[in-house]
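Q: I would like to learn how to read a model of this kind, one feature at a time. Can we take them in turn?

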Amino acid sequence: MTRDDIIRMARDAGMTGLKESDLLGNFERFAALVAAAEREACAKVCQSDDLLWGQRYAAAIRKRGEVKP
């Protein structure tokens with residue numbers, strides 16, 4: 001998710017009149033937490049399947065959340 005995506009979604013949600021410079025960091029952290037929670041929920045659905053592909057998909061979903069240097 002890019003910074004512009006976060007700003008657009010905040011505006012789409014009706015958060016108008018906010019100075020981007022004042023609250024952008026909070027929105028970015030909030031968006032990261034929401035994305036991480038959604039990734040983990042998706043990974044758990046995949047992992048609940050006993051087949052190997054489910055385990056591989058769960059690992060791939062979790063890997064998307066890893067911080068890259």
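Q: How many salt bridges does the structure hold?
A: The structure holds one salt bridge, the term meaning a side-chain nitrogen of Lys or Arg within 4 Å of a carboxyl oxygen of Asp or Glu. In general, side chains of opposite charge can pair when their charged atoms come close. Here the partners are E40 and R62, with 2.8 Å from N to O. The pair links distant parts of the chain, with E40 in helix α2 (residues 20–47) and R62 in helix α3, 22 residues apart.

Q: What kind of model is this, and how are residues numbered?
A: It is a predicted model, in which local features need pLDDT of at least 70 and side-chain atom pairs count only at pLDDT 80 or more, while totals for chains, interfaces and linings use all residues. Residues are numbered from 1 along each chain as its sequence is written, and side-chain values use heavy atoms, with hydrogens and water left out.

Q: Are E40 and R62 buried, exposed or partly exposed?
A: Buried means under 20% relative accessible area, exposed means over 50%, and partly exposed is in between (1.4 Å probe, protein chains only). E40 counts as partly exposed because its relative accessibility is 29%. R62, at 31%, is partly exposed too.

Q: Which residue of helix α2 can be set against R62 by C-alpha distance?
A: A41 lies in helix α2. A41 and R62 are 21 residues apart in sequence, and their C-alpha atoms are 9.9 Å apart in space. With 40% relative accessibility, A41 is partly exposed.

Q: What is the secondary structure of the chain?
A: Helices (H or I, at least four residues) and strands (E, at least two) are DSSP runs, numbered from the N terminus. This chain has three helices and zero strands, giving the pattern α-α-α along the sequence.

Q: How many disulfides does a search of the whole structure find?
A: A disulfide is a covalent bond between the sulfur atoms of two cysteines. The cut-off used here is a pair of cysteine sulfur atoms within 2.5 Å. The search finds zero disulfides.

Q: Which residues make the nonpolar surface patch?
A: Patches are made of residues with over 30% relative accessible area and no salt bridge; like charges are joined within 9 Å, and nonpolar side chains (Val, Leu, Ile, Met, Phe, Trp, Tyr) within 5 Å. L51, W53 and Y57 make a nonpolar patch of about 340 Å². W53 is partly exposed at 43% relative accessibility, and Y57 is partly exposed at 47%.

Conventions:
Areas by Shrake-Rupley, 256 points an atom, 1.4 Å probe, with all protein chains shown as cover.
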